[in-house]
Amino acid sequence: MKYREVEVYAPTDLGAAGTKTIDINLTDIVSSLEIIWKFTVNTGDALTAPISDCISKIELVDGSDVLFSLSGSEAQALAFYATGVMPHNYITLKANDEAVCVIPIFFGYKLFDTEYAMDFTKFKNPQLKITWDEDAANSGVTTNSLSVRAWAFDEVQPRPRGFLMAKNIKSFTPSANTYEYTDLPLDYPYRLMLLRCKSDDLSPVSQLSEIKLSEEHDKRIPYDITPSELFQKIIAPLGRIEEYVRLGESANAQTIYTAVTHLHDGVIDLAYADADTGASGTPSPTYSANKVSIAAKANCTYYKMVVTGYCPHFCLLIPFGDINDVRDAYDVRKLKNLRLTLKSASSVGTNPEISIILQQVRYY
């Protein structure tokens, strides 16, 4: 077979919280890594965050050289925009059920890309560092499991030119109606940029009023756009995220968090069964940012919900040409200045934070 799946780190209960460092000793060319996080649900009534928030930081490093640095939620959003497919989340509120979150890291433009992939032999001491907190999404978790797997080339060993590198290069707290200026790095070409506009109660489309990217002090302006225009022209045509939820077998009020953060024309489809009569119905949940709240309903056992919408984990996409064609990569190395200007909206929501994430083409 041309490819094989490799176990990099076997499923392990890591305890409550900390940072796990995994030495990477792979000699084959790697197309992707896959981090799989699981925990046993302690209570059947509430999540306190998306499951992916249990992984607060993923770093791939070679000494002081950082090859990848994102949170679990940021990495899931990047994977969606890069591939058009949302990574798997099994969201559950059933007590003693096992919640699952899969976080892929793609080193090429597609899985098994022979031109862009990771060759760990090019580095002296590659390590994967994963920071976790088992209670970040559900209080009082008693067991968890972390594993890492890789898709590697086997019978065919390509000679890739480079790999895709992704980093959160800046995070800041916005204030209403103010500008934030960021001089962007000019070291490697850009494939895409994500703006993560996070808050407790607002869609990411609502937190900014202006996005401007300018070269050489406004000599050229590749982007001058509002988040609403960005959503209509670029994000919405990519299609909706769809997540399935296994609700608790309880008549109590329930709360879940999903990857969907902009409902727009999406839907929340909730069904339940009456424990006494067997009758079914569709109670109306309330929705705010990525939080879905379901009111208590006597005699009812909830059993399923589907949430569909846009903007995974509060992230907006800024592509540079055709992101599936390396020839369209935005080569910033020839520039002397590249500035991103973000203007906050009149309301930035509760506990706001904006992050700038770059995926770049790095050559060996």
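In this predicted model, proline 104 is found in strand S7, which covers residues 98–106. With a relative accessibility of 12%, proline 104 counts as buried. Leaving aside residues up to four places away in sequence, proline 104 touches Leu33, Glu34, Ala75, Ala79 and Pro87. Proline 104 and valine 148 are separated by 44 residues in sequence, while their C-alpha atoms lie 9.6 Å apart in space.

Two of the residues touched by proline 104, Ala75 and Ala79, are among the buried residues of helix H1. Helix H1 runs over residues 72–83, and its twelve residues, at 1.5 Å a residue, should span 16 Å, which agrees with the 16 Å found between its end C-alpha atoms. Because eleven of the twelve residues of H1 are buried, this helix is largely enclosed by the rest of the structure; the buried residues include Gly72, Glu74, Gln76, Phe80 and Tyr81. After H1 comes glycine 84, whose phi is positive, near 80°.

Helix H1 lies across strands S4, S5, S10, S12, S22 and S24, and runs at about 130° to S12. These strands belong to an open sheet of eight strands with mixed pairing, in the order S2-S8-S4-S5-S10-S24-S12-S22. At the edges of this sheet are strand S2 (17–23) and strand S22 (315–319), each of which pairs on one side only. On average, neighbouring strands of the sheet are turned by 25° against each other, direction ignored. Within the sheet, strand S12 (residues 190–198) and strand S24 (residues 353–363) run antiparallel and are joined by eight bridges, and leucine 194 stands opposite isoleucine 357 in S24.

The cysteines can be considered separately. A disulfide is a covalent bond between the sulfur atoms of two cysteines, and a search of the whole structure finds zero disulfides. The sulfur of cysteine 54 has its closest cysteine sulfur in cysteine 101, at 7.8 Å, which is too far for a bond, given that a disulfide requires the two sulfur atoms to be within 2.5 Å.

| Residue | Relative accessibility | Class |
|---|---|---|
| Cysteine 54 | 0% | buried |
| Cysteine 101 | 0% | buried |
| Proline 104 | 12% | buried |

Definitions and conventions:
Residues are numbered from 1 along each chain as its sequence is written. This is a predicted model: local features need pLDDT of at least 70, side-chain atom pairs count only at pLDDT 80 or more; totals for chains, interfaces and linings use all residues. Side-chain values use heavy atoms; hydrogens and water are left out. Buried means under 20% relative accessible area, exposed over 50%, partly exposed in between (1.4 Å probe, protein chains only). Helices (H or I, at least four residues) and strands (E, at least two) are DSSP runs, numbered from the N terminus. The expected span of a helix is 1.5 Å times one less than its number of residues. Contact means heavy atoms within 4.5 Å. Two strands pair if DSSP finds at least two bridges between them. Axes are lines fitted to C-alpha atoms, for helices over the stretch in contact, and angles run from 0 to 180 degrees between N-to-C directions.
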